[in-house]
Amino acid sequence: MLESRIIAAQSDDKYIERMRFEGEMISDIDIARIEFESVQFIECQFNKCDFSKASFYNSVFDNCNFANCIFMDSYWKDSKILTCKGDGSNFSKSHMKETSLADGSFRYADFSSSVLENCTIRDCNFTEAFLSEIRLKKPMLKAVNFTETDFFKTSLKDIDLSDCIIDGITVSDTRNELRGATVNAGQAIELAAWILGIKIV
């Protein structure tokens with residue numbers, strides 16, 4: 001049903017609203033520029049799908065797999081991404097407002113040049129993800145794994161990272177990205193040692 005509805009939307013008004021899709025599996029489908037409003041995706045699998053410039057309003061992805069899919073220039077408002085696998089996905093240049101990401105995996109995902117406004121990210125894995133040159137506006141970050149995440153040219157001023165893992169993150173040589181960030185005591189020691197080039201034994 002999902003595939004046929006997407007194909008119909010692509011040839012018509014590019015709009016899908018108030019629908020629930022459960023257990024769907026689709027591959028190599030062009031979902032670009034479609035607007036979704038109050039749509040639920042439950043336990044769906046997307047393989048090599050292109051969501052470029054798609055919009056999601058009050059919509060939910062719950063326990064879905066969209067690893068390696070493309071969401072470039074997508075727009076999200078009042079939506080939720082819950083317990084999803086998005087490893088290797090491309091969210092670059094996307095805009096998220098009042099959107100929640102929880103219990104998900106986004107290893108190696110690309111969020112570069114995106115904007116996240118008043119978003120909540122909780123219990124997610126962003127190991128080796130690309131968060132370079134993004135704008136973070138009042139995010140709530142809880143138990144997020146940012147191990148070896150790329151924050152190059154992303155200002156972390158006033159961002160509370162104290163409940164997150166930030167081991168081996170990438171920033172510029174000046175470390176200006178970290179200026180004004182909130183970290184816990186253990187993180188502060190590790191960061192100071194890294195900046196000073198010393199080893200803690």
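This is a predicted model: local features need pLDDT of at least 70, side-chain atom pairs count only at pLDDT 80 or more; totals for chains, interfaces and linings use all residues.
User: How is the chain divided into domains?

Analyst: The domain assignment gives domain 1 as residues 1-85 and domain 2 as residues 92-200. Their centres, taken over C-alpha atoms, are separated by 26 Å. Contact between them involves 16 residues of domain 1 and 15 residues of domain 2.

User: What share of the contacts in the chain with a separation of 6 or more comes from residues 24 or more positions apart?

Analyst: Such pairs account for 5% of those contacts.

User: Why is phenylalanine 66 called buried?

Analyst: Buried means under 20% relative accessible area. Phenylalanine 66 has 0% relative accessibility, so it counts as buried. Its place is the loop between strand 8 (60-62) and strand 9 (75-77).

User: Where does lysine 138 lie relative to phenylalanine 66?

Analyst: The two residues are 72 residues apart along the chain, and their C-alpha atoms are separated by 26 Å.

User: Why does leucine 2 count as buried?

Analyst: The cut-off is under 20% relative accessible area. Leucine 2 is at 0%, and therefore counts as buried. This residue belongs to helix 1 (residues 2-11). Neighbours within four places aside, leucine 2 is in contact with Phe21, Glu24, Ile26, Phe41 and Phe46. Isoleucine 26 is 24 residues away in sequence, with 8.0 Å between the C-alpha atoms of the pair.

User: Why is glutamate 22 called partly exposed?

Analyst: Partly exposed lies between the limits of under 20% for buried and over 50% for exposed. Glutamate 22 has a relative accessible area of 46%, so it is partly exposed. Glutamate 22 sits in strand 2 (residues 20-22). Apart from neighbours within four places in sequence, its contacts are Ile42 and Cys44. Cysteine 84 is 62 residues from glutamate 22 in sequence and 14 Å from it in space, C-alpha to C-alpha.

User: What is said of phi in asparagine 58, and is the residue's place in a loop or a strand?

Analyst: Asparagine 58 is not a glycine, yet its phi is positive, at about 50 degrees. The residue is in the loop between strand 7 (55-57) and strand 8. With a relative accessible area of 48%, asparagine 58 is partly exposed.

User: What makes tyrosine 108 partly exposed?

Analyst: Its relative accessible area is 41%, so tyrosine 108 is partly exposed. The loop between strand 12 (100-102) and strand 13 (115-117) contains this residue. Phi of tyrosine 108 is near 65 degrees, a positive value in a residue other than glycine.

Definitions and conventions. Residues are numbered from 1 along each chain as its sequence is written. Side-chain values use heavy atoms; hydrogens and water are left out. Contact means heavy atoms within 4.5 Å. Domain bounds come from an automatic or database domain assignment. Helices (H or I, at least four residues) and strands (E, at least two) are DSSP runs, numbered from the N terminus. Buried means under 20% relative accessible area, exposed over 50%, partly exposed in between (1.4 Å probe, protein chains only).
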